[in-house]
Amino acid sequence: MPKFGSVAAYAPQGATALGLGIVNEIFRRPGFDFVICAERPGTLRTDLGLPLPVEHGLDRLAGADLVLALPGMEFRDDQPPAVLAAFRAAYSRGAIIAAHCVGTFLPAAAGLLDGLEATTHWRFAADLADRHPAVRVRPESLYVDQDQIVTGAGAVAGIDLCLYLIRREHGAARANEIARDLVTTPYRSGGQLQYLPAPVPDDGEDERLAEVIAWARAGLDRRISVDDLAARALMSRRSFARRFKAATGTTPHAWLLAQRLNLAEELLETTDLPVEHIARHVGYGSAAVFRERFALRRGVPPRDYRRAFRQR
């Protein structure tokens, strides 16, 4: 069985409507028992000033497999002792704790991030580090996985965080299905930059770059090189690499590797194809190289990954 089926999202006063909308869209669907809860049942005020009736209190955190700390406008205020105690209790019994944006301030205040790495919205990373010096803040990261506790960057990075958790616990196929429903990218690496300081200009090269990315995704069984991508984009290798990183936050080689392994995970989960066939299907001429790359990413060989996923 997957590690989480019941999900409780804690919403503070001044909760952001965007944060509420993200977790609602992702987890209010078949396969998840999802609730939003507050310090006590009643009316919650959102950042838009709109009242939100909340039926559940902190007692719903006690049985949830995944406990989310949603961002709110009053994150700099002292957190209610009952809320901190509820998060500590959830962590102690083994629940997965997750937070994005300024929601990260709550598990930090509860002491759950002491000695660990974490991220938050880049604007507030210095504030988090000042308030909680025992936390190793990584302001550049999109999300940071510390096994039982996962933190994410600001705003729509909450989508990346939630999809990553689903991918980690429920598999690539489930995460990809939800991403398609949301019309969003199914996977962005946690090491990807939160923001790009020099956006790509809006010109004809943008369109060519998008076409090249779509072409590469549709043909991952081919042995595509960075030179192939650059030639298709009508750019020199150097110009293409610079433009690609400005647009995606990663290098063409790292992007291709991630796309191939993303597809490999889904094929291992949803088909009975031999590992050697999957290696060829995702562009590896050598099954041995594929096994090595896959094990570096997932920590286990492809066959062990398939066996563990199906047992869960």
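Q: Why is Thr-104 called buried?
A: Its relative accessibility is 0%. Buried means under 20% relative accessible area, exposed over 50%, and partly exposed in between, with a 1.4 Å probe and protein chains only. Thr-104 therefore counts as buried. This is a predicted model, in which local features need pLDDT of at least 70 and side-chain atom pairs pLDDT 80 or more, while totals for chains, interfaces and linings use all residues. Residues are numbered from 1 along each chain as its sequence is written, and side-chain values use heavy atoms, without hydrogens or water.

Q: What is Thr-104 in contact with, leaving aside its neighbours within four places in sequence?
A: Contact means heavy atoms within 4.5 Å. The partners of Thr-104 include Ala-99, Leu-113, Leu-128, Thr-151 and Gly-152. Thr-104 sits in the loop between S6 and helix H3 (105-109). Helices (H or I, at least four residues) and strands (E, at least two) are DSSP runs, numbered from the N terminus.

Q: What makes S6 and S10 a pair?
A: Two strands pair if DSSP finds at least two bridges between them. Strand S6 (residues 96-100) and S10 have 4 bridges, in the parallel sense. Ile-97 has Ile-149 of S10 as its bridge partner.

Q: How many bridges join S9 to S10?
A: Strand S9 (residues 143-145) and S10 are joined by 3 bridges and run antiparallel. Asp-145 is bridged to Val-150 of S10. The hairpin has 3 residues between these strands, and Asp-147 takes a positive phi near 75 degrees.

Q: Which way do the residues of S10 point?
A: In strand S10 (residues 149-152), Ile-149 and Thr-151 point one way, Val-150 and Gly-152 the other, and all are buried.

Q: Why is H5 called roughly antiparallel to H6?
A: The axes of H5 (residues 157-170) and H6 (residues 172-182) cross at roughly 150 degrees and come within 7 Å. Angles under 35 degrees count as roughly parallel, over 145 as roughly antiparallel, 65 to 115 as roughly perpendicular, and the rest as oblique. The axes are lines fitted to C-alpha atoms, for helices over the stretch in contact, and angles run from 0 to 180 degrees between N-to-C directions. That makes H5 roughly antiparallel to H6.

Q: Which residues make the contact of H5 with H6?
A: From H5 come Leu-163, Ile-166, Arg-167 and His-170. Among those from H6 are Ala-172, Arg-174 and Ile-178.
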